[in-house]
Amino acid sequence: MSGLVKAKKYDWKDSNMAKVGTAEDRHVKKASAATEPAWRGAGKEPGVQVWKIVNFKVVPSPKDEFGKFYEGDSYIVLNTYREQGGEQLLFDLHFWIGKFSTQDEYCTAAYKTVELDTLLDDVPVQHREVQGYESEVFKSYFKSITILKGGANTGFRHVKPEEYKPRLLHVSGNKNSVTVTEVPMNRARITSNDVFILDKGLEIYQWNGKSCNKDEKYKAVQVLQGIKSERGGKPIVETFDEDDNGNGFFDYLG
């Protein structure tokens with residue numbers, strides 16, 4: 001038939017795709033990753049480093065916040081180590097997704113995790129962590145994991161104890177892993193199997209369920225001490241057992 005033109009054949013080797021995965025391509029990507037300010041010092045020596053995604057940017061978390069995660073956020077965690085007797089630095093690289101983290105945030109965390117992997121010459125082993133289903137490797141980096149409500153800049157705001165919004169923390173687990181999770185201020189959430197902390201800013205109460213274990217009690221004490229220290233020793237701390245009568249713990253709950 002007249003007027004028909006035979007379609008032109010294209011060779012992918014003539015396109016930019018031919019360079020994907022080559023040494024030149026990796027060099028370009030690594031050079032780009034090196035421009036990220038947050039990666040300065042990343043993976044230079046053994047230890048754990050944590051970053052939080054805030055408004056599409058990677059923001060370093062202060063060490064006193066390590067182990068605290070806000071359910072509305074996404075994080076990147078890098079563990080740098082050497083095997084016994086070895087010289088080479090090795091890495092486990094995780095991105096953690098909070099239950100209410102937005103798609104934009106966790107996509108940014110995933111992208112930036114790959115970027116950091118590239119900067120470290122593809123040596124890291126990558127891990128995806130989801131709130132409530134963290135791997136044992138991930139949990140081993142922290143004395144405890146505390147899941148808090150909120151997100152974005154929540155963890156960076158300084159709030160005076162007397163202005164603090166009351167919260168209820170649920171402490172549960174065993175010697176292998178104890179998790180601290182912020183839960184709704186409702187007495188229906190209280191169970192005899194665990195420990196709960198009622199944080200009212202200048203008054204903090206620990207409630208021990210009659211079937212809780214010693215690891216939960218010990219972790220709750222650590223949390224209380226940490227909170228009190230953060231607030232300059234001002235809060236009054238009290239501990240109750242479930243069998244105590246008239247302790248008033250439930251008076252503050254809905």
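1. Ground rules. This is a predicted model, so local features need pLDDT of at least 70 and side-chain atom pairs count only at pLDDT 80 or more, while totals for chains, interfaces and linings use all residues. Residues are numbered from 1 along each chain as its sequence is written, and side-chain values use heavy atoms, with hydrogens and water left out.

2. Aromatic pairs. The structure holds 14 of them. Rings of Phe, Tyr and Trp (its six-membered ring) pair if their centres lie within 6.5 Å; planes under 30 degrees apart are stacked, over 60 edge-to-face, and the rest tilted. Take Trp 39 and Trp 51: they sit edge-to-face, 5.0 Å centre to centre, with 85° between the planes. Trp 39 lies in the loop between helix H1 (23-33) and strand S1 (47-54), and Trp 51 is in strand S1, so the pair ties together parts that are 12 residues apart in sequence. Helices (H or I, at least four residues) and strands (E, at least two) are DSSP runs, numbered from the N terminus. Both Trp 39 and Trp 51 are buried, where buried means under 20% relative accessible area, exposed over 50%, and partly exposed in between (1.4 Å probe, protein chains only).

3. Another edge-to-face pair. Tyr 75 and Trp 96 are 5.6 Å apart centre to centre, with 70° between the planes, and this pair is edge-to-face. It links distant parts of the chain, with Tyr 75 in strand S4 (residues 74-81) and Trp 96 in strand S5 (residues 90-97), 21 residues apart. Both Tyr 75 and Trp 96 are buried. They also belong to a cluster: ring pairs link Phe 69, Tyr 75, Trp 96, Phe 138, Tyr 141 and Phe 142.

4. A nonpolar core here is a set of buried Ala, Val, Leu, Ile, Met, Phe, Trp, Tyr and Cys residues joined through side-chain atoms within 4.5 Å. The largest one has 24 residues, and Phe 69, Val 77, Phe 138, Phe 142, Leu 169, Val 171 and Ile 197 touch the most other members. Elements giving two or more residues to this core include S3, S4, S7, S8, strand S9 (177-183), strand S10 (195-199) and helix H4 (214-230). H4 gives the most, with four residues. The core draws at least three residues from each of domain 1 (22-148) and domain 2 (167-241), with domain bounds coming from an automatic or database domain assignment.

5. Contact means heavy atoms within 4.5 Å. Not counting residues up to four places away in sequence, Phe 69 touches Tyr 75, Val 77, Trp 96, Phe 138, Phe 142, Ile 145, Thr 146, Ile 147 and Leu 148.

6. Salt bridges. A search of the whole structure finds 11 of these, each being a side-chain nitrogen of Lys or Arg within 4 Å of a carboxyl oxygen of Asp or Glu. Glu 71 and Lys 149 meet in one, at 3.8 Å, N to O. That pair joins distant parts of the chain: Glu 71 is in the loop between strand S3 (68-70) and S4, and Lys 149 is in the loop between strand S7 (145-148) and strand S8 (167-174), 78 residues apart. Glu 71 is buried at 10% relative accessibility, whereas Lys 149 is partly exposed at 33%.

7. Lys 139 forms a salt bridge with Glu 136, the closest N and O atoms being 3.2 Å apart. These two are three residues apart in helix H3 (residues 136-139), so about one helical turn separates them. Glu 136 is exposed, at 51% relative accessibility. Glu 203 and Lys 200 form another salt bridge, their closest N and O atoms 3.7 Å apart. Glu 203 is partly exposed at 31%, and Lys 200 is partly exposed at 27%. Glu 36, Lys 112 and Glu 115 are linked in a network of salt bridges.

8. Two residues to look up. Arg 167 lies in strand S8 and is buried, at 11% relative accessibility. Leaving aside neighbours within four places in sequence, Arg 167 is in contact with Leu 148, Glu 182, Met 185, Ile 197, Leu 198, Asp 199, Ile 227 and Arg 231. Gly 226 is found in helix H4 and is partly exposed, at 30%. Gly 226 and Asp 64 are 162 residues apart in sequence and 9.5 Å apart in space, C-alpha to C-alpha.
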